[in-house]
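Take a moment to look over the model below. Then follow the text through it, one part at a time.

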Amino acid sequence: MSVNRRTVLKSTFLAGALASIHFSTLSPARAATAEAFAASRQQWVHYLVGENLDRADPVIAAKLDAMAVAARSAMAGYVTTPTRTGLWADLPLSARQTNADSARVSTTARRLRSIALAWAAGSLGPDAGAALQMVADGVAWLTRDVFSTSGVRFGNWYDWDVSLPQALNDTLVLTYPAIDPALVQTVVAAERLFTPSIPQAGTQAAAANRVLYCDSFCGRAILAGDAAELASAKDNLAPVLANAKPYGGPVGLVNGDKDEAAFFSNDGFYPDGSFIQHGQFPYVGGYGASLLSSITAIAARTTGTSWSPDISIVQGWFKGSFEPWLWRGLVMDTVRGRQLATVAGDQSTGVAFIGGMLNLLPSVSSESRRYLETVIKAELGYRGTQPTEGLGLRESAAALAIIRNAAITARPAPEFTHVFGPMDRVLHRRAEWSVAYAMHSLRMADYETGNNENLRGWYTSDAATYLYTSDREQYDDGYWCTVDPYRLPGTTVDPVPRAATPVPWRAEYHNPSLYAGGLSAGTWGSAAIDLKAKAPSSMHGRFSRFFFDDFYLCLGAGISVASGRSAETTVENRRVTATSSGPLVIDGLPGPRIGESRTVNGAKWAHIGGVGGYVLLDAPDMLAMRENRSGRLSDISGTVTGSTASQVRTGEYLTLALQHRQGATSSSYAYAVLPNADQQATNDYSSRPDARIVTNTPAVQAVRHERSGRFSAAFFEAGAASIVAADSPCIVAVEESTRQIAVHVSDPTQALSRVQIRLGVPGMGPVEDNPGVSVASRGEVTVVTVDVSGLAGATVSAVLDWQPPKASDLTSMTAKAADAHFEPATASSLHKKAGRFAGAMNSNRLAAARLELRAFQDELDAWLVQNHDADASVRDLSDLASRLVVQTSS
């Protein structure tokens with residue numbers, strides 16, 4: 001095919017005009033359809049390379065130059081010999097069997113696409129003609145050879161059905177006016193041979209995979225001008241543009257080989273923002289990102305036509321599913337599945353999220369557009385001096401317009417605790433730090449190794465507790481191939497040897513308990529899991545997390561291992577970066593130097609510079625170590641190849657761990673994490689913790705944040721803690737204030753129909769009606785019955801009028817307990833302190849009252865330490881004093 005420079009330079013930008021020349025020869029109906037397809041092709045090109053770009057802008061000019069450099073690099077290595085077995089020497093296509101072989105076909109097409117992009121963007125200058133000829137030659141060779149109408153599939157279905165067609169479709173539309181129409185039809189014919197229809201069952205028909213198919217079909221239909229095929233793509237997209245409708249029970253009890261429909265019915269988005277792929281994995285940051293990319297591509301091509309899908313639901317997905325996991329321009333790894341072990345790190349996925357938002361702007365309502373712009377501006381603000389790095393040409397132009405628009409204000413950092421029930425994740429976000437809690441159950445599998453990736457993800461969801469701060473490098477670039485996989489933060493592990501080998505599809509391990517979930521009380525909350533580790537480990541334990549404004553508390557109890565085995569709880573395993581730089585200080589003394597480890601007996605607190613403080617609430621023996629660790633991406637992923645795979649990466653790690661004795665039958669732990677706290681604040685917290693552990697047993701784990709009046713309990717079985725008694729496994733939170741008491745309840749098993757809570761306080765009924773809550777006052781007890789059926793672990797809340805405890809209650813309860821349980825001197829001292837507290841409260845001297853109450857608590861706590869078997873009435877006295885603290889803070 002011959003082309004000239006004038007045709008090359010004009011063709012893309014005049015595509016609509018060139019196509020319209022032929023419309024006069026068509027019937028009116030066919031001409032209208034042809035015009036629509038021409039418009040769709042033009043919109044598609046604009047989606048890929050933008051329009052009306054300011055080429056003098058330094059950022060845009062740099063993007064154009066980078067596109068040209070990439071294209072010329074590809075052109076320089078292009079093979080033209082008659083006996084060639086591939087288009088590039090590093091991408092031979094002679095082997096045709098494995099996934100790696102089919103991946104090289106896709107990579108070849110993407111390389112052609114990179115040349116076409118630079119050509120369509122007009123950045124190749126005098127090389128434009130050669131580039132166009134090279135693209136035409138390469139596509140023609142593929143359709144004569146490996147991707148011909150007589151070709152045979154091999155390797156990975158994804159290459160033939162998704163990756164290769166998408167790359168070729170983009171390549172053809174970018175060069176459409178100047179390339180031989182017969183070549184376009186040949187490519188479309190090959191696509192139809194290899195992928196004749198969009199799957200209707202199995203993993204390829206579910207959630208993101210289905211959208212990817214629709215993307216490919218949409219592209220080939222527009223290229224071929226096939227209205228029926230384009231309408232089919234739209235129709236097949238419709239089932240995905242809705243929330244998932246799982247059936248068949250917990251996926252861990254479904255045989256996916258025998259009942260694929262039930263297994264994959266779990267795939268998709270959920271009302272609470274969860275997104276699941278492959279039936280049993282949280283994947284907002286993996287397949288969710290791919291789904292987003294393809295939906296925005298489809299919308300961009302079809303806007304203004306009858307083929308445009310209704311994507312209004314996607315606007316809600318952004319706020320409920322994507323934005324929560326977007327932290328300072330990156331996406332948290334716990335929702336990226338096996339992709340955490342690939343070259344694309346959490347920051348690359350963040351770019352994909354931001355790009356998705358930018359691409360969606362033209363297709364959303366004005367209200368959603370304004371909101372997305374504030375999010376985009378906020379997230380780009382964390383990306384340093386090159387905020388558009390990684391974004392495409394058109395995306396960069398849109399991003400720059402938002403950055404430079406003074407009328408657009410960056411969205412303040414959101415603060416909340418959110419439970420993603422269907423995917424066993426809980427996220428607690430504060431403005432300056434966040435923590436993600438990863439669990440698994442009969443609903444979610446432990447980790448995925450599909451395509452031979454993520455081979456050491458053994459404990460990534462075993463109560464793993466990932467702290468995010470301003471350190472954007474922490475979990476990126478080599479973390480997962482260098483971190484000790486037996487020592488992930490928050491996990492309790494019996495370190496049995498495990499092999500870095502793939503687990504067969506749908507044979508992944510499920511924690512046999514349904515108890516894994518959390519509770520949200522707005523900006524604070526809690527989470528808990530009943531965990532039995534995968535064999536041959538014998539570890540079983542119950543673990544909870546309590547999230548507050550400035551810290552979070554981690555409890556574990558009932559930790560057991562087999563005879564001769566031991567377990568270890570990792571408090572922290574922090575990689576040293578420019579931000580998380582150390583030093584490590586333990587109880588005011590320097591921690592171990594590089595290559596050293598030591599056990600600190602009765603440790604009280606530790607501090608890592610640039611990270612925060614760690615307070616050991618039960619003064620355990622703590623292992624502290626500082627070590628260099630090395631690894632390669634090829635150690636954890638079989639799909640990464642070349643120099644990227646073999647590059648040795650090194651990380652320096654600071655590790656704090658609690659070691660449980662051999663053969664433990666009911667070990668426990670309790671520690672608080674204070675993100676961004678300095679050494680002094682950590683030491684101060686250790687001296688007087690801001691939260692009180694009410695109980696930490698295998699049955700109930702409960703904590704009260706005294707200053708705020710917030711209390712939460714994880715009931716692993718029916719039981720009682722403080723003023724709350726539960727009739728079944730659940731999580732409860734209570735907020736006490738001067739006039740009202742708020743009660744929050746969730747069912748982490750997602751299997752109950754109702755939960756009944758008995759509050760040891762007289763109630764006056766709900767402030768407002770809640771159809772899922774009934775309240776009955778029975779003397780000194782208020783019974784709250786909550787309907788939790790079908791809520792997927794979501795929280796139900798009720799606010800009740802009440803009369804809070806009074807200072808005089810402390811004096812009367814102290815008098816009763818003193819006569820029965822305390823020796824005279826202790827009884828007299830406590831009674832005097834309680835009286836002085838009541839006097840200060842009655843005269844509204846809150847600071848004095850706070851000091852008197854603190855002195856009362858200190859003396860009573862010291863007595864309880866010496867009297868472990870104290871009567872329940874004494875513990876009730878201690879609990880009442882704890883509940884009264886909030887009244888001294890108002």
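What is the order of the strands in the open sheet of nine strands? The order is 11-12-13-14-23-20-19-16-17, and the pairing is antiparallel. Strand 11 (516–520) and strand 17 (589–590) stand at the edges, each with a single partner strand, so one side of each has no neighbour in the sheet. Strands here are DSSP runs of E with at least two residues, helices are runs of H or I with at least four residues, and both are numbered from the N terminus. Two strands pair if DSSP finds at least two bridges between them.

A word on the source. This is a predicted model, in which local features need pLDDT of at least 70, side-chain atom pairs count only at pLDDT 80 or more, and totals for chains, interfaces and linings use all residues. Residues are numbered from 1 along each chain as its sequence is written, and side-chain values use heavy atoms, with hydrogens and water left out.

Stay with the sheet. Strand 13 and strand 14 (residues 552–560) pair in the antiparallel sense over seven bridges. H540 stands opposite S560 in strand 14. The loop between strand 12 (525–532) and strand 13 (540–547) holds P536. A cis peptide bond joins A535 to P536, with omega about 10 degrees. A cis peptide bond also joins G582 and P583, and there omega is about 0 degrees. P583 sits in the loop between strand 15 (567–575) and strand 16 (584–586).

Now for the backbone angle phi. A207 is not a glycine, yet its phi is positive, about 45 degrees. A207 lies in helix 9 (residues 207–224). Is A207 buried or exposed? A207 counts as buried because its relative accessibility is 8%; buried means under 20% relative accessible area, exposed over 50%, and partly exposed in between (1.4 Å probe, protein chains only). N676 is not a glycine either, and its phi is positive at about 70 degrees. N676 lies in the loop between strand 23 (667–675) and helix 19 (679–687). At 41% relative accessibility, N676 counts as partly exposed.

Next, the nonpolar cores. A nonpolar core is a set of buried Ala, Val, Leu, Ile, Met, Phe, Trp, Tyr and Cys residues joined through side-chain atoms within 4.5 Å. The largest one has 154 residues. V49, I115, F275, L291, V314, W325 and W480 touch the most other members. A second, separate core has 40 residues, including A463, I559, V561 and L656. Return to F275. Leaving out residues up to four places away in sequence, F275 touches several residues, among them A207, F281 and L291. Contact means heavy atoms within 4.5 Å.

Y479 is in helix 17 (residues 479–482). Y479 is buried, with a relative accessible area of 1%. Not counting residues up to four places away in sequence, Y479 touches Q474, L488, P489, N573, R575 and Y653. Y479 and R649 are 170 residues apart along the chain, but their C-alpha atoms are separated by 8.7 Å.
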